[in-house]
Amino acid sequence: MKSKEIAHRFDQIADVLEFLGENQFKVGAYRKVARTLSDLTEDIEVISREGRLREIPGVGEGIAQHIIEYLDTGKISKYEEELKRVPPELIQLMNIPGMGPKTLALANKTLKVRNLADLKRVIEDGSLAGLPGLGEKKVENIRKGIARFEAVKERIPLGLALPLVETIMAGLKKGFKITMISPAGSLRRMRETVGDIDILVGSSQGKKMVEVFTHLPMVKEILAAGETKGSIISDEGFQVDLRVVPEKAFGAALQYFTGSQAHNVKLRGIAQKTGFKVNEYGVFRGEKLVAGKTEEEVYESLGLQYMPPEMREDRGEIELAREGKIPRLVEVSDIRGDLHVHSRHSDGTGEIEDIAKKAKEKGYQWIAICDHSKSAKYARGLPESEVLKVIEEIEELNGKLKGIRVLAGVEVDILTDGSLDFPDRLLKKLDLVVGAIHQGFKKDVTRRMIRAMENPYLKIIAHPTGRLISSREGYEVDIDAVMAKAAETGTALEINAHYDRLDLDDLNVMKAKKKGVKLAIGTDAHSVGMLEYMRLGVAVARRGWLGPEDIINTSSAEKIKGWKKA
DNA sequence: GCCGTTTTCGGCCCGACTGTTTTCAGTCG
């Protein structure tokens, strides 16, 4: 995790350099390398030891020295002094919409603004508006920006943003005959959380469409309503932007607004070198439009294979596309079953039969019921005798139901000594054993997981890091060691598809695949409706570049039942 | 500060919008 620390350091340096008015490309160089480092799946200390730092894109002579110094001493001396002279609470103010580095530097220099309170003061007494280049309107903008800055909402979990965007798109389709409409931005790339929600439409009726959009039932506040762009706050407090572009530019605009920014920057760099220009209206050679209607033709015109949105993070996908080696990613339609579902027998709400019927409706071939084990008191964990009864109930159901097979599983607690909460004689009667840590998050988690994986009946480790996106860091666990043991024993690691978990995350999934670990998607559904979270798990898998062959869920029921570990 | 299908020096993604300006700087996505 050293690379994340270094990334954070470089981001701070970029902030300070920007504030000081340094060369913007230097600032950009630090930002870019910070992002690359925070995405790194390999251990930076190993890379450094083996003298391969310069192989990391964006790491040159100077930055390599900074990294080495940080790894040795925990400091980057060149910037220690500079960082000390610029207080963090001042730099924070650059996050106020309308307040950039130039304005902040000017306010700091001439009006001695050092923090938010100072800034509010110079707004109230009128001195900010008196500065060159500023005026009443700009200051009013900053005042509004402060209000937004102070009310800053958490990022929106993907699992909550998706239903909202679907409702809005359905609302727009009611009023218009639209063929070109799509989510864009980080939502389309299926990031685990999104800052705001972008929707793009290809149409000549921009003004009317914005009108309908801003008067949909879930609109709480209208932020903007123009000819081509509308912006609202939903009743849940989420910002949604609608953009309307001409149909012939829909593909180019979709590419542009989907991002990521890093992906687009690299794409345009390539375009430029080969004599093209790319913007949201199309790909141009000189004045001549050569592509724009579809995303496919935008990429193709630049000599690149099409890339799924989930891959567009500048993590090497453009290089692959150049060689025509973009992998076939797993799709929701490849999924034959869900590997982690709770019923009313423990802390879920659904009857097994209803869960099975819903699974069949979703096109699954099988579904694994995995209720909690006896030590999980808070989740009404089952004693051995009850598990036997559930196995009987499932056998009976399988005799009755057609077109769907229910697998009898359990989510068994990994106890504080690394043993499992049920004896092997019970585990071997089950079709699937999923193990999980639910207590003692700081107690020897790595060693416990490793010991648990040595049990031949335990096939999957659920939510391996234990993080909760909204509220919890996760266990104290050495995930590399866990992955190594998983690869050695043939244990699968879970992609828990609940929107607040998504654990493993995309980067860990990518790393697991490299280490030869199989992944298992489980929704951890506690109600029938929560089976829908499967698409979030698939999204994480796609962001980790997984194909159908990397995922246990694409196997048949027989294969899952007969699965023997290495 | 990085980097090389034009380069070891001179570039570095691109455009919209806004407000403050008489031609453009700053901010944003």
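**Notebook: strands, helices and single residues**

Strand β12 (residues 366–372) and strand β13 (residues 405–413) run parallel and are joined by seven bridges. I counted two strands as paired if DSSP finds at least two bridges between them. Helices (H or I, at least four residues) and strands (E, at least two) are DSSP runs, numbered from the N terminus.

I note here that this is a predicted model, in which local features need pLDDT of at least 70, side-chain atom pairs count only at pLDDT 80 or more, and totals for chains, interfaces and linings use all residues. Residues are numbered from 1 along each chain as its sequence is written, chains are lettered from A and ligands numbered from 1 in the order in which they are written, and side-chain values use heavy atoms, with hydrogens and water left out.

**The parallel sheet**

I then traced the whole sheet. It is open and has seven strands, in the order β11-β12-β13-β14-β15-β16-β17, with parallel pairing. At the edges I found β11 (337–341) and β17 (519–522), each pairing on one side only. Helix α23 (residues 534–543) packs on this sheet and touches β11, β16 (492–496) and β17. Contact means heavy atoms within 4.5 Å. The direction of α23 makes about 155° with that of β17. For such angles, axes are lines fitted to C-alpha atoms, for helices over the stretch in contact, and the angles run from 0 to 180 degrees between N-to-C directions.

**The hairpin**

I looked next at β5 (residues 219–225) and β6 (residues 229–234). They pair in the antiparallel sense over five bridges. The two form a hairpin with three residues between them. I222 stands opposite I232 in β6.

**Two helices**

In helix α5 (residues 77–85), I found Y79, E80 and L83 buried. Buried means under 20% relative accessible area, exposed over 50%, and partly exposed in between (1.4 Å probe, protein chains only).

Helix α13 (residues 250–258) is largely enclosed by the rest of the structure, because seven of its nine residues are buried. They are F250, G251, A252, A253, L254, Q255 and T258. Just after α13, G259 takes a positive phi of about 70°.

**Single residues**

I checked K459, in the loop between α20 (445–453) and β15 (460–461). K459 is buried yet has no salt bridge. A salt bridge is a side-chain nitrogen of Lys or Arg within 4 Å of a carboxyl oxygen of Asp or Glu. The nearest side chain of opposite charge, D431, is 9.0 Å away. Lys and Arg count as positive and Asp and Glu as negative; His and the chain ends are not counted. Not counting residues up to four places away in sequence, K459 touches L432, V433, T491, A492, W563 and K565.

T554 lies in the loop between α23 and α24 (557–561). At 18% relative accessibility, I logged T554 as buried. Its contacts, not counting residues up to four places away in sequence, are V330, D334, R336 and P548.

G275 sits in the loop between α14 (261–273) and β8 (277–279). With a relative accessible area of 39%, G275 is partly exposed.
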